[in-house]
Amino acid sequence: MNLTQSVPSPATPARTLPVDGARLLRVLLSWLLALLLACSTLAARAAEITVNQASIEASDEGYRLSVSYDFDLNRGLEDALSRGVPLYFTTDVQLTRRRWYWFDETSVSSSRTLRLSYNVLTRQYHTAISGQLQQSFTNLDDALTLIRRPPRWIIADNNTLKAGETYQVGLRMRLDVAQLPKPFQVNALNNSDWRLSSDWIEFNYKPE
């Protein structure tokens with residue numbers, strides 16, 4: 001009886017990427033990782049303003065917002081300010097009432113801007129609230145105190161909110177580069193020093 005020995009067939013070789021394709025894949029993965037790290041860094045840098053306190057109270061004039069912040073200017077912003085470039089800090093606030101039968105209702109959407117500037121000739125800092133109330137200071141720390149603890153302001157009339165209803169309040173403050181002079185806007189949008197903002201904070205308010 002003849003015995004024959006079967007020879008195993010060679011294993012099918014694994015498919016490999018061409019050298020150029022593998023190199024391209026590594027480059028793309030490196031770019032993707034760098035992009036993710038950059039985005040996470042920008043997100044971290046953007047949230048450099050902290051909201052310390054925020055509340056709403058009813059008054060004869062309407063509903064007033066009281067808020068305080070904690071932040072410092074980085075070197076780039078201080079340099080721009082010392083050269084006469086004004087800085088604009090805008091607070092955005094929204095009051096939303098939830099409705100189970102329909103979309104949520106936005107009852108209040110309001111913004112207020114505080115302008116901080118420096119006069120090179122008089123060596124004084126100036127703050128202005130929405131272009132109206134203006135005060136002068138001899139040093140930057142005192143001027144920033146008004147930005148960090150702005151006066152209370154009316155965000156809604158007395159008849160805007162319904163008594164007994166619960167409203168969700170959303171609030172943030174940001175360095176508003178859109179209000180800069182046009183020549184500075186492009187540079188600010190591409191400069192991480194100008195990405196100064198708080199996260200949106202939320203709390204509930206129920207008018208009596």
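How many of the residues of strand 3 (residues 87-97) are buried? I looked this up first, and I noted that 10 of its 11 residues are buried, where buried stands for under 20% relative accessible area with a 1.4 Å probe and protein chains only. I took strands as DSSP runs of E of at least two residues and helices as runs of H or I of at least four, numbered from the N terminus.

Before going on, I wrote down that this is a predicted model, in which local features need pLDDT of at least 70 and side-chain atom pairs count only at pLDDT 80 or more, while totals for chains, interfaces and linings use all residues. Residues are numbered from 1 along each chain as its sequence is written, and side-chain values use heavy atoms, with hydrogens and water left out.

Next I followed the partners of strand 3, counting two strands as paired if DSSP finds at least two bridges between them. Strand 3 runs antiparallel to strand 4 (residues 105-119) over 11 bridges, with Thr 96 bridged to Thr 106 of strand 4. Strand 3 also pairs with strand 8 (residues 167-175), again in the antiparallel sense, over nine bridges, and there Gln 94 stands opposite Gly 170.

I then turned to helix 3 (residues 140-148), whose buried residues are Leu 140, Ala 143, Leu 144, Leu 146, Ile 147 and Arg 148.

Last, I checked pLDDT, the predictor's confidence in each residue from 0 to 100: the protein chain averages 82, and 76% of the residues score at least 70.

Definitions and conventions
Buried means under 20% relative accessible area, exposed over 50%, partly exposed in between (1.4 Å probe, protein chains only).
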